[in-house]
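Subject: Handing over the structure

Dear colleague,

Please find the structure below, followed by an account of what was found in it.

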Amino acid sequence: MKTLHLVLILLVLSGVFTQDSKWVVKYPDKLICAVRGFSVSIKCSYYYPQGHQVIQKLWCSMNSNTYKCEAPPHVYDSSSNTKSDFKFTGDDKSDYTLLIHNVQLSYSGEYRFRFITNVSYGKWTGDPGASIQVTDLKVSLIRLSGNGTLKQGDSLNLTCDVSCTNTSSQFVWSKNIQSLYTSGPILHFPALTLRDSGNYTCTWGTGETSGSETISLHVEDKILEGSESSNSWIFWMVVVVTAGLILFVVIFSRRHVHTEPLMEDDSDIYTTVQFKALLLETL
(Lines give C-alpha, C1' and ligand atoms only; values in the text may rest on other atoms or scores of the structure.)
Protein backbone atom coordinates (compact mmCIF):
# COMPACT_ATOMS: atom_id res chain seq x y z
CA MET A 1 0.00 0.00 0.00
CA LYS A 2 2.82 2.37 0.86
CA THR A 3 4.43 1.59 -2.51
CA LEU A 4 1.20 2.56 -4.31
CA HIS A 5 0.99 5.85 -2.43
CA LEU A 6 4.61 6.59 -3.30
CA VAL A 7 3.96 5.94 -6.99
CA LEU A 8 0.91 8.24 -6.93
CA ILE A 9 2.93 11.00 -5.27
CA LEU A 10 5.69 10.67 -7.88
CA LEU A 11 3.15 10.83 -10.70
CA VAL A 12 1.64 14.00 -9.29
CA LEU A 13 5.06 15.59 -8.88
CA SER A 14 6.02 14.65 -12.45
CA GLY A 15 3.03 16.57 -13.78
CA VAL A 16 0.87 13.72 -15.07
CA PHE A 17 -2.22 15.00 -13.28
CA THR A 18 -1.44 18.72 -13.69
CA GLN A 19 -2.38 18.75 -17.36
CA ASP A 20 -6.09 18.33 -16.58
CA SER A 21 -6.24 20.09 -13.24
CA LYS A 22 -3.82 23.02 -13.26
CA TRP A 23 -2.70 25.95 -15.40
CA VAL A 24 0.65 25.11 -16.98
CA VAL A 25 2.91 26.65 -19.66
CA LYS A 26 6.13 24.83 -20.52
CA TYR A 27 9.10 26.42 -22.29
CA PRO A 28 12.58 25.14 -23.20
CA ASP A 29 14.67 25.05 -20.04
CA LYS A 30 17.80 26.43 -21.74
CA LEU A 31 18.88 29.55 -23.59
CA ILE A 32 17.81 29.55 -27.24
CA CYS A 33 20.49 30.68 -29.69
CA ALA A 34 19.51 32.33 -32.98
CA VAL A 35 21.44 33.63 -36.00
CA ARG A 36 20.60 37.08 -37.28
CA GLY A 37 18.66 37.02 -40.55
CA PHE A 38 17.41 33.46 -40.10
CA SER A 39 14.45 31.90 -38.26
CA VAL A 40 14.06 30.54 -34.74
CA SER A 41 11.23 28.82 -32.91
CA ILE A 42 10.22 28.87 -29.24
CA LYS A 43 8.58 25.58 -28.40
CA CYS A 44 5.67 26.00 -26.04
CA SER A 45 3.08 23.62 -24.63
CA TYR A 46 0.20 24.62 -22.34
CA TYR A 47 -2.50 22.91 -20.29
CA TYR A 48 -5.56 24.09 -18.37
CA PRO A 49 -8.44 22.57 -16.36
CA GLN A 50 -11.17 20.70 -18.17
CA GLY A 51 -14.34 22.62 -18.96
CA HIS A 52 -12.48 25.67 -20.32
CA GLN A 53 -12.08 26.75 -23.94
CA VAL A 54 -9.16 28.85 -25.14
CA ILE A 55 -10.37 31.87 -27.11
CA GLN A 56 -7.19 33.96 -27.42
CA LYS A 57 -3.45 33.30 -27.42
CA LEU A 58 -0.75 35.91 -26.98
CA TRP A 59 3.04 36.15 -27.12
CA CYS A 60 4.91 39.10 -25.70
CA SER A 61 8.50 40.29 -25.55
CA MET A 62 9.57 41.41 -22.10
CA ASN A 63 11.72 44.06 -23.80
CA SER A 64 8.53 46.04 -24.39
CA ASN A 65 5.95 44.38 -22.11
CA THR A 66 6.86 44.51 -18.46
CA TYR A 67 3.94 42.85 -16.72
CA LYS A 68 2.82 39.31 -17.59
CA CYS A 69 1.55 40.11 -21.11
CA GLU A 70 -1.77 41.25 -19.70
CA ALA A 71 -1.77 44.43 -21.80
CA PRO A 72 -0.30 45.37 -25.20
CA PRO A 73 2.08 45.46 -26.87
CA HIS A 74 2.18 41.84 -27.99
CA VAL A 75 4.46 40.43 -30.67
CA TYR A 76 1.71 37.95 -31.57
CA ASP A 77 -2.05 38.00 -31.03
CA SER A 78 -4.24 35.18 -32.36
CA SER A 79 -7.18 37.57 -32.66
CA SER A 80 -5.25 39.97 -34.93
CA ASN A 81 -4.44 39.59 -38.63
CA THR A 82 -1.45 41.90 -38.47
CA LYS A 83 1.51 40.55 -40.46
CA SER A 84 4.89 40.46 -38.77
CA ASP A 85 7.99 38.31 -38.27
CA PHE A 86 6.20 36.50 -35.40
CA LYS A 87 3.93 33.63 -36.37
CA PHE A 88 2.19 30.67 -34.75
CA THR A 89 3.15 27.10 -35.54
CA GLY A 90 1.85 24.01 -33.79
CA ASP A 91 -1.34 21.98 -33.46
CA ASP A 92 -3.42 24.71 -31.76
CA LYS A 93 -4.35 22.25 -28.97
CA SER A 94 -1.53 21.96 -26.49
CA ASP A 95 1.36 23.04 -28.74
CA TYR A 96 1.59 26.75 -29.44
CA THR A 97 5.14 27.24 -30.67
CA LEU A 98 6.19 30.75 -31.76
CA LEU A 99 8.14 31.00 -35.03
CA ILE A 100 10.20 34.16 -35.57
CA HIS A 101 11.40 34.96 -39.10
CA ASN A 102 14.30 37.24 -40.07
CA VAL A 103 15.62 37.44 -36.52
CA GLN A 104 17.34 40.70 -35.59
CA LEU A 105 19.78 41.48 -32.77
CA SER A 106 17.06 43.55 -31.07
CA TYR A 107 14.94 40.38 -30.75
CA SER A 108 17.19 39.05 -27.99
CA GLY A 109 15.42 38.74 -24.66
CA GLU A 110 12.67 36.93 -22.77
CA TYR A 111 9.36 35.86 -24.36
CA ARG A 112 6.20 34.74 -22.57
CA PHE A 113 3.04 33.01 -23.71
CA ARG A 114 -0.40 33.93 -22.37
CA PHE A 115 -3.76 32.31 -23.12
CA ILE A 116 -7.29 33.41 -22.28
CA THR A 117 -10.27 31.08 -21.93
CA ASN A 118 -14.02 31.63 -22.05
CA VAL A 119 -14.15 31.77 -18.24
CA SER A 120 -13.67 35.21 -16.69
CA TYR A 121 -10.92 34.07 -14.34
CA GLY A 122 -9.45 31.61 -16.85
CA LYS A 123 -6.33 33.49 -17.93
CA TRP A 124 -2.75 32.40 -17.57
CA THR A 125 0.78 33.60 -18.42
CA GLY A 126 3.79 31.32 -18.36
CA ASP A 127 6.29 32.93 -16.01
CA PRO A 128 9.29 32.97 -16.31
CA GLY A 129 9.41 32.73 -20.10
CA ALA A 130 11.88 31.53 -22.72
CA SER A 131 15.08 33.46 -23.43
CA ILE A 132 16.63 34.08 -26.87
CA GLN A 133 20.10 35.32 -27.69
CA VAL A 134 20.60 36.53 -31.27
CA THR A 135 24.12 36.54 -32.70
CA ASP A 136 26.00 36.57 -36.00
CA LEU A 137 27.45 33.47 -37.64
CA LYS A 138 30.98 34.08 -38.91
CA VAL A 139 33.31 31.94 -41.03
CA SER A 140 36.95 32.96 -40.65
CA LEU A 141 40.06 31.95 -42.60
CA ILE A 142 43.09 31.36 -40.38
CA ARG A 143 46.44 30.94 -42.17
CA LEU A 144 48.75 28.31 -40.68
CA SER A 145 51.47 28.70 -43.32
CA GLY A 146 52.14 30.85 -46.38
CA ASN A 147 51.30 34.47 -47.02
CA GLY A 148 49.78 36.58 -49.74
CA THR A 149 47.55 34.74 -52.18
CA LEU A 150 46.66 31.13 -51.45
CA LYS A 151 49.03 28.71 -53.18
CA GLN A 152 49.45 24.97 -53.37
CA GLY A 153 50.97 23.56 -50.20
CA ASP A 154 49.72 26.32 -47.91
CA SER A 155 47.81 25.21 -44.81
CA LEU A 156 44.83 26.89 -43.18
CA ASN A 157 41.68 26.44 -41.11
CA LEU A 158 38.16 27.59 -41.86
CA THR A 159 36.46 28.32 -38.53
CA CYS A 160 32.71 28.58 -38.01
CA ASP A 161 31.96 30.74 -34.99
CA VAL A 162 28.74 31.44 -33.08
CA SER A 163 29.18 33.46 -29.90
CA CYS A 164 26.05 31.92 -28.37
CA THR A 165 26.84 28.48 -26.99
CA ASN A 166 24.37 25.61 -27.06
CA THR A 167 25.09 22.01 -26.14
CA SER A 168 22.94 20.75 -29.02
CA SER A 169 24.77 22.80 -31.66
CA GLN A 170 25.72 21.01 -34.86
CA PHE A 171 28.03 22.17 -37.65
CA VAL A 172 27.76 20.89 -41.22
CA TRP A 173 30.17 21.88 -44.03
CA SER A 174 29.55 21.87 -47.76
CA LYS A 175 31.57 22.81 -50.85
CA ASN A 176 29.78 24.24 -53.87
CA ILE A 177 26.48 22.99 -52.37
CA GLN A 178 27.89 19.44 -52.07
CA SER A 179 27.99 18.09 -48.49
CA LEU A 180 31.38 17.26 -47.02
CA TYR A 181 31.81 14.24 -44.79
CA THR A 182 33.03 16.30 -41.86
CA SER A 183 31.52 18.08 -38.87
CA GLY A 184 32.56 20.44 -36.15
CA PRO A 185 33.31 24.16 -36.19
CA ILE A 186 36.76 23.80 -37.85
CA LEU A 187 37.54 22.64 -41.40
CA HIS A 188 41.29 21.89 -41.69
CA PHE A 189 43.41 22.04 -44.86
CA PRO A 190 46.90 20.63 -44.14
CA ALA A 191 48.17 21.29 -47.70
CA LEU A 192 46.08 23.13 -50.27
CA THR A 193 45.69 21.85 -53.83
CA LEU A 194 44.03 23.38 -56.88
CA ARG A 195 41.00 21.17 -56.24
CA ASP A 196 40.42 22.93 -52.92
CA SER A 197 39.29 26.10 -54.70
CA GLY A 198 35.56 26.74 -54.29
CA ASN A 199 32.79 28.14 -52.09
CA TYR A 200 32.59 26.65 -48.59
CA THR A 201 29.43 26.96 -46.50
CA CYS A 202 29.13 26.33 -42.78
CA THR A 203 25.59 25.53 -41.62
CA TRP A 204 25.00 25.75 -37.89
CA GLY A 205 21.84 24.49 -36.27
CA THR A 206 20.01 23.33 -33.16
CA GLY A 207 16.55 21.94 -32.64
CA GLU A 208 15.08 25.45 -32.69
CA THR A 209 17.10 27.29 -35.34
CA SER A 210 19.77 27.21 -38.02
CA GLY A 211 21.97 29.59 -40.02
CA SER A 212 24.71 29.48 -42.64
CA GLU A 213 27.62 31.53 -43.93
CA THR A 214 29.80 31.09 -47.06
CA ILE A 215 33.45 31.88 -47.79
CA SER A 216 35.39 31.49 -51.06
CA LEU A 217 38.85 29.95 -51.54
CA HIS A 218 40.98 30.45 -54.66
CA VAL A 219 44.20 28.45 -54.79
CA GLU A 220 46.84 29.52 -57.33
CA ASP A 221 49.20 27.19 -59.19
CA LYS A 222 52.87 27.85 -58.33
CA ILE A 223 53.92 26.84 -61.87
CA LEU A 224 51.38 29.21 -63.32
CA GLU A 225 52.68 31.93 -61.03
CA GLY A 226 56.25 31.39 -62.36
CA SER A 227 54.94 31.28 -65.92
CA GLU A 228 53.19 34.58 -65.43
CA SER A 229 56.44 36.12 -64.17
CA SER A 230 58.30 34.77 -67.23
CA ASN A 231 55.64 36.08 -69.57
CA SER A 232 55.88 39.47 -67.91
CA TRP A 233 59.67 39.52 -68.43
CA ILE A 234 59.28 38.61 -72.12
CA PHE A 235 56.68 41.33 -72.58
CA TRP A 236 58.97 44.03 -71.26
CA MET A 237 61.86 42.76 -73.38
CA VAL A 238 59.67 43.08 -76.47
CA VAL A 239 58.72 46.60 -75.43
CA VAL A 240 62.37 47.63 -74.99
CA VAL A 241 63.48 46.11 -78.32
CA THR A 242 60.57 47.67 -80.16
CA ALA A 243 61.33 51.08 -78.66
CA GLY A 244 64.99 50.71 -79.71
CA LEU A 245 64.03 49.87 -83.29
CA ILE A 246 61.69 52.85 -83.48
CA LEU A 247 64.42 55.15 -82.15
CA PHE A 248 66.91 53.75 -84.68
CA VAL A 249 64.52 54.32 -87.58
CA VAL A 250 63.85 57.89 -86.47
CA ILE A 251 67.58 58.72 -86.19
CA PHE A 252 68.36 57.08 -89.54
CA SER A 253 65.57 58.99 -91.25
CA ARG A 254 66.81 62.30 -89.89
CA ARG A 255 70.39 61.61 -91.07
CA HIS A 256 69.15 60.65 -94.53
CA VAL A 257 67.20 63.90 -94.80
CA HIS A 258 70.29 66.01 -93.89
CA THR A 259 72.77 64.20 -96.20
CA GLU A 260 70.62 64.10 -99.32
CA PRO A 261 70.83 67.89 -100.08
CA LEU A 262 74.60 67.71 -99.69
CA MET A 263 74.79 64.98 -102.33
CA GLU A 264 72.71 67.07 -104.65
CA ASP A 265 75.07 70.07 -104.13
CA ASP A 266 78.15 67.91 -104.85
CA SER A 267 76.57 66.72 -108.08
CA ASP A 268 76.02 70.29 -109.24
CA ILE A 269 79.66 71.20 -108.58
CA TYR A 270 80.87 68.14 -110.53
CA THR A 271 78.66 69.01 -113.47
CA THR A 272 79.89 72.60 -113.48
CA VAL A 273 83.56 71.47 -113.52
CA GLN A 274 82.92 69.10 -116.42
CA PHE A 275 81.23 71.84 -118.42
CA LYS A 276 84.13 74.27 -117.92
CA ALA A 277 86.71 71.60 -118.96
CA LEU A 278 84.77 70.84 -122.14
CA LEU A 279 84.56 74.53 -122.98
CA LEU A 280 88.33 74.94 -122.63
CA GLU A 281 88.99 72.00 -124.99
CA THR A 282 86.76 73.54 -127.58
CA LEU A 283 88.58 76.76 -127.43
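Counting the bonded cysteines along the chain, the disulfides follow the pattern 1-5, 2-3, 4-6. A disulfide is a covalent bond between the sulfur atoms of two cysteines, and here a pair of cysteine sulfur atoms is taken as a disulfide when they lie within 2.5 Å; by this rule the count comes to 3. Before going through them, please note that this is a predicted model, in which local features need pLDDT of at least 70 and side-chain atom pairs count only at pLDDT 80 or more, while totals for chains, interfaces and linings use all residues. Residues are numbered from 1 along each chain as its sequence is written, and side-chain values use heavy atoms, with hydrogens and water left out.

One of the disulfides is formed by Cys33 and Cys164, whose sulfur atoms are 1.9 Å apart. This pair links distant parts of the chain, since Cys33 belongs to strand S2 (residues 32-35) and Cys164 to the loop between strand S13 (156-162) and S14, 131 residues apart. Helices (H or I, at least four residues) and strands (E, at least two) are DSSP runs, numbered from the N terminus. The torsion about the S-S bond of Cys33 and Cys164 is about -70°, so this disulfide is left-handed. Are these two cysteines buried or exposed? Buried means under 20% relative accessible area, exposed over 50%, and partly exposed in between, with a 1.4 Å probe and protein chains only. Cys33 has a relative accessibility of 0% and therefore counts as buried, and Cys164, at 3%, counts as buried too.

Cys60 and Cys69 form another disulfide, with their sulfur atoms 1.6 Å apart, and with -60° about the S-S bond this link is left-handed. Cys60 is buried, with a relative accessible area of 0%, and Cys69 counts as buried at 0% relative accessibility.

Cys160 and Cys202 also form a disulfide, with sulfur atoms 2.0 Å apart. The torsion about the S-S bond of Cys160 and Cys202 is about -95°, so the disulfide is left-handed. It links distant parts of the chain, with Cys160 in strand S13 and Cys202 in strand S17 (residues 198-205), 42 residues apart, and both Cys160 and Cys202 are buried. A further cysteine, Cys44, is buried, with a relative accessible area of 3%.

Turning to the chain as a whole, there are 3 helices and 18 strands, and buried residues make up 31% of the 283 residues. If contact means heavy atoms within 4.5 Å, then residues 24 or more positions apart account for 60% of the contacts with a separation of 6 or more.

Among the strands, S14 (residues 170-175) and S15 pair in the antiparallel sense over 3 bridges, where two strands are said to pair if DSSP finds at least two bridges between them. Val172 stands opposite Ser183 in S15. The hairpin of S14 and S15 has 2 residues between the strands, and Asn176 takes a positive phi near 50° there. How many of the 6 residues of strand S15 (residues 178-183) are buried? The number is 0, so strand S15 lies largely in the open.

Ser41 is found in strand S3 (residues 40-42) and counts as buried at 12% relative accessibility; leaving aside its neighbours within four places in sequence, Ser41 is in contact with Ile32, Thr97, Leu98, Leu99 and Glu208. Asp29, by contrast, lies in the loop between strand S1 (24-26) and S2 and counts as exposed at 78% relative accessibility. The C-alpha atoms of Asp29 and Gly129 are separated by 9.3 Å, although the two residues are 100 residues apart along the chain.

With kind regards
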